[in-house]
Amino acid sequence: MTCTERDSFHRIREVLNHDRSWSLYALGDLAPAELMHCEWRFTAQDSPAVTLFYRAFDPPVFFAIGSAMALERLLDQAPLPSSLYLHIRPEILALVSERYRRVTTKMMRRMILHEPA
């Protein structure tokens, strides 16, 4: 299901909030000023999953959260751009790599403040 209705954002936010540390950038992209750059897809009933193509950059940023099986169904719904900057977990790298000739990876580290000092 693509995100075209305001009510859809509730479901997307719900899925992203399951892992806020991983989803921080995507949660920020739910801001009204960012929506024109976003192409959201999400599962409605089954295993929770969300994908985002953030098109304010070239190449666009691809974010994903959810199981590989659910994400594969979302990726099959629409063609992927010819190149992407990936923001994905290692467990779905193979799924994305099947759709591209060349995938280069770099580890990203984050600092998360759980409680104010």
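User: What pLDDT do local features need here?
Analyst: Residues are numbered from 1 along each chain as its sequence is written, and side-chain values use heavy atoms, with hydrogens and water left out. In this predicted model side-chain atom pairs count only at pLDDT 80 or more, totals for chains, interfaces and linings use all residues, and local features need pLDDT of at least 70.

User: In which order do the strands form the open sheet?
Analyst: Strands (E, at least two residues) and helices (H or I, at least four) are DSSP runs, numbered from the N terminus. Two strands pair if DSSP finds at least two bridges between them. There are 4 strands in this open sheet, with mixed pairing, and their order is S1-S2-S3-S4.

User: Which strands stand at the edges of the sheet?
Analyst: Look for strands that have a single partner strand, so that one side is left without a neighbour in the sheet.

User: How many residues lie between S1 and S2 in their hairpin?
Analyst: S1 (residues 38-42) and S2 (residues 49-54) pair in the antiparallel sense over 5 bridges. Across this pairing, Cys38 stands opposite Tyr54, and Glu39 stands opposite Phe53. The number of residues between the two strands of the hairpin is 6.

User: How many of the 5 residues of S1 are buried?
Analyst: Buried means under 20% relative accessible area, exposed means over 50%, and partly exposed is in between (1.4 Å probe, protein chains only). S1 is largely enclosed by the rest of the structure, because the number of its residues that are buried is 4.

User: With which residues is Ser23 in contact, leaving aside its neighbours within four places in sequence?
Analyst: Ser23 is in helix H2 and is buried, at 0% relative accessibility. Contact means heavy atoms within 4.5 Å. By that rule, with those neighbours left aside, its contacts are Leu16, Phe63, Ile65 and Arg110.

User: What covers the buried residues of H3?
Analyst: In H3 (residues 68-75), Ala70, Leu71, Leu74 and Leu75 are buried. They fall within an arc of 140° seen down the helix axis, so they line one face of H3. The cover includes S1, S2, S3 and helix H4 (93-97).

User: Are the rings of Phe53 and Phe62 stacked, edge-to-face or tilted?
Analyst: Rings of Phe, Tyr and Trp (its six-membered ring) pair if their centres lie within 6.5 Å; planes under 30 degrees apart count as stacked, over 60 as edge-to-face and the rest as tilted. This rule gives 3 aromatic pairs. The centres of the Phe53 and Phe62 rings are 4.9 Å apart and their planes are at 35°, so the pair is tilted.

User: What is the relative accessible area of Phe62?
Analyst: Phe53 is buried, with a relative accessible area of 3%. Phe62 is buried too, and its value is 1%.

Definitions and conventions:
Arc of directions from axis to C-beta.
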